[in-house]
Amino acid sequence: MKLQGSKFLYHIQDLQIEAAQDLNLIKSKNIINVLFKIEKYILDRCDVISTISAGMVNKVRSKTKKDVVLFPNWTDTDSFHPIENKAELKKSYSYNPSDKIVLYSGAIGEKQGLEAILNIADQLRKETDLKFIICGSGPYKKELQNLADQLQLQNVNFMPLQDYSKFNDFLNLADIHLVIQKASASDLVMPSKLTTILAVGGLAIITANPGSGLHTLVQEHNIGVLAEAENTDDLKAAILKVIKEGSEHIRKNARKYAEHYLSIDKVLLSYEKNIQKAKSSYSMNVTAGSHRSISPNSVSKVSTWSSGTAGSKP
């Protein structure tokens, strides 16, 4: 309930209702309809709405006649940065310096389509210096581990969430980062893990189809390698191409993009300019998508819910 004389700002991190519907995670149409009605109730009462990508801005804007502010996930470009000596890093994680590490780090759920990693690892098992790491937690992890056991994969390592203090080292361990989503989740959820990958100058292979906001962003700034969503052959080809070519220019573009567009100070400055349009001389209630309220002078606290550190723990 909004206090009289206050402003109501609402931030949307993911379009979870559409994602649950399109991925068939919620099969009941009645439940989906109730959730959309609740969402509409909230959106109708917002003074300012924000979300994290251009594609999601367009989708949210189609739900309401109100304008939608772009408030992207930020990253700490001081804490997350490139490390040159990857050979020593690999040894510290019990890998050989010559090993090529393909890393997926983040939530392990059905919407990611992570079984593709195991299928590719199975097909490339003869490439003895190619190693796959799946790091994180989630409801789908046990199923993936069972599948890896069935395939008798020796080139795949499952790892738990990493300590935040060591997460920069861990991300720099990888030669290739995988950002995988199913086609049906395109523009409904934005992979928050990508921000820290870009900050460390990581070379990301991203599954996104033409027309999606993520595909447009990556292509426009040349900050990753694109592969067709839910196309295992295309993803495998991209991995082999990157291993062969290296693509050092993409790593440099990734870091540059993070510094110019994703650093916490620049993201918050842009956001504060946008909310000034709705801000009056009186105090505001600021409510994010998680339904948590904060004080008017702590707008920076909203951003901490958006930092892209999937795969790490505090």
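Is cysteine 46 buried or exposed? Cysteine 46 is buried, at a relative accessible area of 4% (buried means under 20% relative accessible area, exposed over 50%, partly exposed in between, with a 1.4 Å probe and protein chains only).

## Basis

This is a predicted model, in which local features need pLDDT of at least 70 and side-chain atom pairs count only at pLDDT 80 or more, while totals for chains, interfaces and linings use all residues. Residues are numbered from 1 along each chain as its sequence is written, and side-chain values use heavy atoms, with hydrogens and water left out.

## Cysteines

Cysteine 135 is also buried, with a relative accessible area of 0%. The structure holds 0 disulfides (a disulfide is a pair of cysteine sulfur atoms within 2.5 Å).

## Positive phi

Most residues other than glycine have a negative phi. Glutamate 230, not a glycine, has a positive phi of about 60°. Glutamate 230 sits in the loop between β10 (225-227) and α10 (232-245) and is exposed, at 56% relative accessible area. Helices (H or I, at least four residues) and strands (E, at least two) are DSSP runs, numbered from the N terminus.

Serine 247 has a positive phi of about 55°. Serine 247 lies in the loop between α10 and α11 and counts as buried at 9% relative accessibility.

## Helices α11 and α12

Helix α11 (residues 248-262) packs against helix α12 (residues 264-276) at an angle of about 35°, and their axes are 6 Å apart. Axes are lines fitted to C-alpha atoms, for helices over the stretch in contact, and angles run from 0 to 180 degrees between N-to-C directions.

The contact (heavy atoms within 4.5 Å) involves Glu259, His260, Tyr261 and Leu262 of α11 and Ile264, Lys266 and Val267 of α12.
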